[in-house]
Each structure stands twice: as C-alpha cells, then as structure tokens.
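Dear colleague,

I am passing the structure below on to you, together with an account of what turned up when it was examined. Please have it open beside this message while you read.

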Amino acid sequence: MDEVDAEVANVQKAVDDLEFRSMLSGKDDPRDCILTIHSGAGGTEAQDWAEMLLRMYLRYGEQNGFKMTMIDLLEGDGAGIKSATIEVSGQFAYGYLKAENGVHRLVRISPFDSNKRRHTSFASVFVIPEVDDSIEVDINPADLRIDTYRSGGKGGQNVNKVETAVRITHVPSGTVAACQSERSQTQNKNNALKLLKAKLYQIEKEKQEAELDEIEKNKMKIEWGSQIRSYVFHPYNMVKDHRTDIETSDTQGVMDGNINQFIKGYLLKFAQ
C-alpha cells in the first residue's frame with residue numbers, strides 16, 4: 001500500500017511540475033538572470049538582512065541546480081552587505097526568480113541592540129534576464145566611462161592589492177555595472193559589460209512594451225508599505241507573501257532556501 005501511495009504522490013508531483021512549467025511561457029523565462037540585492041532603510045540591521053537574503057538565494061540555487069556566480073559584492077559598515085550582484089545560470093532561471101522582484105521586510109529581535117528590542121529591516125531584490133549574443137544591444141564605446149578600483153573584502157590573501165575591480169557607467173542613461181569577483185581586470189571588465197548589456201536590454205525591452213514605469217515600480221522605495229514579502233521572527237514565526245497570501249511558520253526552512261512555494265504561488269497567480 002505504501003508503494004502505491006508513493007507512486008500516486010510521484011505522479012501528482014509530475015503533474016504539478018508540468019503545470020508549473022507551463023507558467024514559464026515568457027520570452028525571457030528560459031534565460032539566465034542577474035539578481036541584485038540592496039540593503040534599505042535600517043542601517044546595520046538592513047545590511048545584515050541583505051546578507052541573510054544573499055545566503056537564502058545561494059542556498060536556493062544550490063538546491064535547485066542553478067549555478068550561482070558572485071559578480072559584485074559591497075560589504076556593509078561593520079556587518080552585512082550594502083549590495084550584491086549574482087549571475088544565476090540554469091534552465092528557466094529568470095522565469096523562476098522574477099517572482100522575487102521587490103522589497104523584502106524582516107521583523108526580529110535585533111542581535112545588534114543590547115536592549116533586545118524588536119527591529120524592522122528592509123532590502124530590495126531586482127532580477128533581470130541575462131542577454132545572450134543573439135540579442136543586439138547597441139552600445140557606443142564613447143558613451144562609456146570605465147573606472148577601476150581595488151576590490152573590497154574583509155581582508156586576507158584574497159583582497160587585491162591592485163585595481164582589478166571595474167565599474168562601467170553608461171553615461172546617457174546613467175546605468176552602472178560593476179564586477180570585482182575575478183583577479184583579472186580584463187575578466188572583470190568583460191563581466192561588467194555583460195551585466196551592463198543585460199541592464200540596457202531590460203530598459204529597451206520595457207520601452208518597446210510601453211511599460212516605461214516598470215523599472216521604477218520594481219525598484220520601489222525600500223521602506224514601509226512597499227514590501228512583497230514579510231519575514232517575522234518575533235513575536236512569532238511567519239513568512240508571508242503579500243501578493244498571494246501564501247505563508248508558512250517554517251522561517252528557518254525559508255532562510256535555508258526553501259522558497260519554491262512562494263515562487264510557484266506567484267507564477268500560478270500572475271501567469272498570463
């Protein structure tokens with residue numbers, strides 16, 4: 001009987017997976033993607049929260065067979081991170097992770113507060129599809145400002161003593177892309193150009209679709225009232241997605257990368 005139940009469960013999972021995959025019909029859904037995390041209102045608290053989200057997405061990638069490559073990382077002031085940019089490679093990486101676009105809110109007892117008070121922190125997540133060589137994005141070299149600097153870090157042998165990190169600014173649009181993950185300045189420049197190309201493609205795509213406000217909508221002000229998901233560690237345990245009302249009390253599991261229920265719920269609700 002147990003074998004029959006197991007087989008029924010496997011068939012049901014296969015049907016669910018097929019239904020889930022049918023939601024990923026967008027032109028860019030099969031592509032790799034660039035995921036960026038920015039700390040928001042809350043200072044050290046928000047920077048620590050941004051680092052927690054970074055760990056969550058790295059765990060999610062490991063569990064779901066995606067290759068996660070750190071492109072840029074800006075350390076926080078004393079703790080956490082100010083921002084991080086990751087290249088996510090794998091089938092339907094953008095299709096899945098586009099569900100994470102928006103502001104993520106944390107409520108917890110602060111580990112940085114000696115009075116053990118409850119704090120609220122915010123961080124934003126922005127996901128764009130990576131552009132491959134089959135898509136033409138016209139970039140005039142004269143429009144680029146390229147700056148080099150020493151890559152950051154917490155110290156030790158891996159911190160570069162020379163200016164290998166690269167920041168490229170597309171002057172007409174003000175779009176910026178940076179990379180410091182490689183030891184070679186040339187490799188960092190190539191990665192930064194790839195990231196810049198993806199960002200400019202996203203902007204152009206939204207222009208063509210007459211959705212010029214989408215970027216600003218996705219980059220909502222990182223504070224009260226704009227969150228897509230809340231993570232509450234005190235006075236109770238709950239993670240709730242405000243777009244779908246899906247929630248769970250397994251906060252530790254979510255922070256360990258188990259976010260498929262939120263991604264699936266979003267795709268099923270908003271699939272066109």
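Helices and strands in this message are runs assigned by DSSP, a helix having at least four residues and a strand at least two, and they are numbered from the N terminus. With that numbering, Asp 245 falls in the loop between S10 and strand S11, the latter being residues 247-248. Please keep in mind throughout that this is a predicted model.

**Overall picture**

The protein contains seven helices and eleven strands, and 45% of its 272 residues count as buried. Among the contacts with a separation of 6 or more, 61% are between residues 24 or more positions apart. The protein exposes about 14,300 Å², of which carbon and sulfur atoms supply 48%.

**Strand S1 and its partners**

Strand S1 covers residues 33-39, and because six of its seven residues are buried, the strand is largely enclosed by the rest of the structure. S1 runs antiparallel to strand S3 (residues 81-89), to which it is joined by six bridges, and in this pairing Cys 33 stands opposite Val 88 of S3. S1 is also antiparallel to strand S5 (residues 118-129), here with seven bridges, and Ile 34 is the residue that stands opposite Ile 128 in S5.

Thr 85 is another residue of strand S3. Is Thr 85 buried or exposed? Its relative accessible area is 9%, and since buried means under 20%, Thr 85 counts as buried. Leaving aside residues up to four places away in sequence, Thr 85 touches Ile 34, Leu 35 and Thr 36, as well as Thr 69, Met 70, Ile 71, Asp 72 and Leu 195.

**The nonpolar cores**

The largest nonpolar core has 36 residues, and those with the most contacts inside it are Leu 35, Leu 53, Tyr 57, Val 88 and Tyr 231. At least two residues of this core come from each of S1, helix H2 (44-63), S3, helix H3 (93-97), S5, helix H6 (251-255) and helix H7 (260-270). Which element gives this core its largest share? That is H2, with seven residues.

Val 88, when residues up to four places away in sequence are not counted, touches a set of residues that includes Cys 33, Leu 35, Phe 66, Met 68, Ala 93 and Leu 97.

**Backbone points to look at**

Most residues other than glycine have a negative phi, and most peptide bonds are trans.

The peptide bond from His 234 to Pro 235 is cis, with omega near 10°, and Pro 235 is found in the loop between strand S9 (227-232) and strand S10 (238-241).

Phe 92, although not a glycine, has a positive phi, near 65°, and it lies in the loop between S3 and H3. The relative accessible area of Phe 92 is 12%, so this residue is buried, the cut-off being under 20%.

With best wishes

Key
Residues numbered from 1 in each chain as written. Predicted model: local features only at pLDDT ≥ 70, side-chain atom pairs only at ≥ 80, totals over all residues. Heavy atoms only, no water. Buried < 20%, exposed > 50% of the residue type's maximum accessible area, 1.4 Å probe, protein only. Contact = heavy atoms within 4.5 Å. Areas by Shrake-Rupley, 256 points an atom, 1.4 Å probe, with all protein chains shown as cover. Pairing = 2+ DSSP bridges. Core = buried A, V, L, I, M, F, W, Y, C linked by side-chain atoms within 4.5 Å.
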